[in-house]
There are 2 protein chains.
Amino acid sequence: MSAGHTAVTTSGTTTDEPVIVCETPQDECGVRDVLDRLGDKWSVYVVVELASGVLRFKELQRRIHGGISQRMLTLTVRRLERDGLVKRTVYPTVPPQVEYELTDLGHSLTHLVKSLADWSIAHRPDIAAAREAYDGKAAQEEPAAAG
Amino acid sequence: MSAGHTAVTTSGTTTDEPVIVCETPQDECGVRDVLDRLGDKWSVYVVVELASGVLRFKELQRRIHGGISQRMLTLTVRRLERDGLVKRTVYPTVPPQVEYELTDLGHSLTHLVKSLADWSIAHRPDIAAAREAYDGKAAQEEPAAAG
DNA sequence: CAGAATCCTAACCGATACTG
DNA sequence: CAGTATCGGTTAGGATTCTG
């Protein structure tokens with residue numbers, strides 16, 4: 001897609017946040033691209049684990065928090081490979097040995113994931129508080145319908 | 001994503017809230033938090049649209065390209081509200097008017113989304129190339145099954 | 001206009017069994 | 001060890017209908 005869109009700087013945003021100008025119909029400035037990659041349950045974890053070095057399939061599976069199924073690891077890692085984020089090396093030994101590692105592209109994503117994690121960690125209390133407040137208020141609202 | 005593991009703290013304190021037990025030294029801890037929020041199809045778009053200012057329900061819906069359904073917009077916006085990322089203001093008029101805007105927390109996420117978009121835009125060609133290469137190679141590998 | 005409720009499909013994902 | 005193939009449960013998400 002040629003990103004030939006006009007920048008409609010709507011109005012003066014009072015804060016210093018980046019004004020996201022987006023009027024591409026199908027792919028909101030490409031956010032969908034990366035979200036599709038990060039959106040599934042496991043991709044990020046694979047990237048994170050691979051960030052520290054080369055790993056074999058089984059080892060990768062073991063290290064992923066929460067226990068990814070073999071099937072999902074295969075799918076995830078294949079998708080990542082297809083997108084050029086992960087490099088897969090097969091050694092024709094017996095038993096077979098396959099190593100996974102991040103490509104440069106994959107490594108560049110690591111920073112982003114780190115930011116994501118940082119934000120998440122930093123604001124987790126806020127989110128938790130917001131949820132509690134919301135749920136509490138919602139519970140008040142609810143008629144509770146006793147008996 | 002599901003509310004999957006109902007956090008079994010080591011002390012045996014079984015709480016209701018999804019406490020993320022994470023003893024991994026890596027920064028993966030907490031990534032799920034934000035990914036759960038951004039992982040669904042629409043949250044990011046809502047945040048993006050709201051980044052530029054206050055919007056009403058219908059207007060928000062119209063601006064999200066690709067056409068979000070009314071149902072999904074409601075769900076998305078509610079979740080965002082619950083997490084303290086979006087503020088919802090109801091004006092008791094006729095017809096009803098509801099305005100959505102980012103909270104400070106939501107605005108802080110905007111930076112991240114921006115980074116996401118930037119990365120995506122910057123590396124889209126790489127990803128596209130990688131895919132083409134991968135698919136091409138995969139096609140070669142395929143037996144082609146001549147009849 | 002805003003949204004709640006219902007129905008239904010597709011995709012995601014895990015468990016299992018089989019292959020090389 | 002490193003997959004592939006298949007089945008079934010769960011969920012995401014769209015379309016439609018109804019209410020205030």
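**Figure 1. Bridge partners in the sheet of chain B.** V90(B) has V98(B), in strand 3 of chain B, as its bridge partner. The model is predicted: local features require pLDDT of at least 70, side-chain atom pairs count only at pLDDT 80 or more, totals for chains, interfaces and linings use all residues, and side-chain values rest on heavy atoms, with hydrogens and water left out. Residues are numbered from 1 along each chain as its sequence is written, while chains are lettered from A and ligands numbered from 1 in the order in which they are written. Strand 2 and strand 3 of chain B pair in the antiparallel sense over six bridges; two strands pair if DSSP finds at least two bridges between them. The open sheet has three strands in the order 1-3-2, with antiparallel pairing. Its edge strands, which pair on one side only, are strand 1 (55–56) and strand 2 (86–91) of chain B. Strands (E, at least two residues) and helices (H or I, at least four residues) are DSSP runs, numbered from the N terminus.

Figure 2. Buried denotes under 20% relative accessible area, exposed over 50%, and partly exposed the range in between (1.4 Å probe, protein chains only). Among the buried residues are S43(B), Y45(B), E49(B) and A51(B). G53(B), whose phi is positive, near 150°, follows helix 2 of chain B.

**Figure 3. The bend in helix 5 of chain B.** Helix 5 (residues 104–141) of chain B comprises 38 residues and spans 52 Å from its first C-alpha to its last, close to the 56 Å expected at 1.5 Å a residue. The expected span is 1.5 Å times one less than the number of residues. At H123(B), helix 5 of chain B bends by about 55°, and the proline P125(B) follows within four residues. The bend is the angle between axes fitted to the seven residues ending at a residue and the seven starting there.

**Figure 4. The protein surface near DNA strand D.** DNA strand D is surrounded by 22 residues, of which Q70(A), R88(A), Y100(A), R71(B) and M72(B) are the closest. A residue is near a strand or molecule if one of its heavy atoms lies within 4 Å of it. Polar contacts are pairs of N or O atoms within 3.5 Å; within protein, one must be able to donate a hydrogen and the other to accept it, and residues adjacent in sequence count only if both atoms are side-chain atoms. Polar side-chain atoms of R88(A) and Y100(A) lie 2.6 Å and 2.4 Å, respectively, from a phosphate oxygen of DNA strand D. Helix 4 of chain A gives the most to this surface, with four residues.

Figure 5. Of the atoms of DNA strand C within 4 Å of the protein, 63% belong to sugar and phosphate. A side-chain N or O atom of R71(A) is 3.2 Å from a base oxygen of DNA strand C. A polar side-chain atom of R78(B) lies 3.0 Å from a phosphate oxygen of DNA strand C. Helix 4 of chain B supplies the largest share of this surface, four residues.
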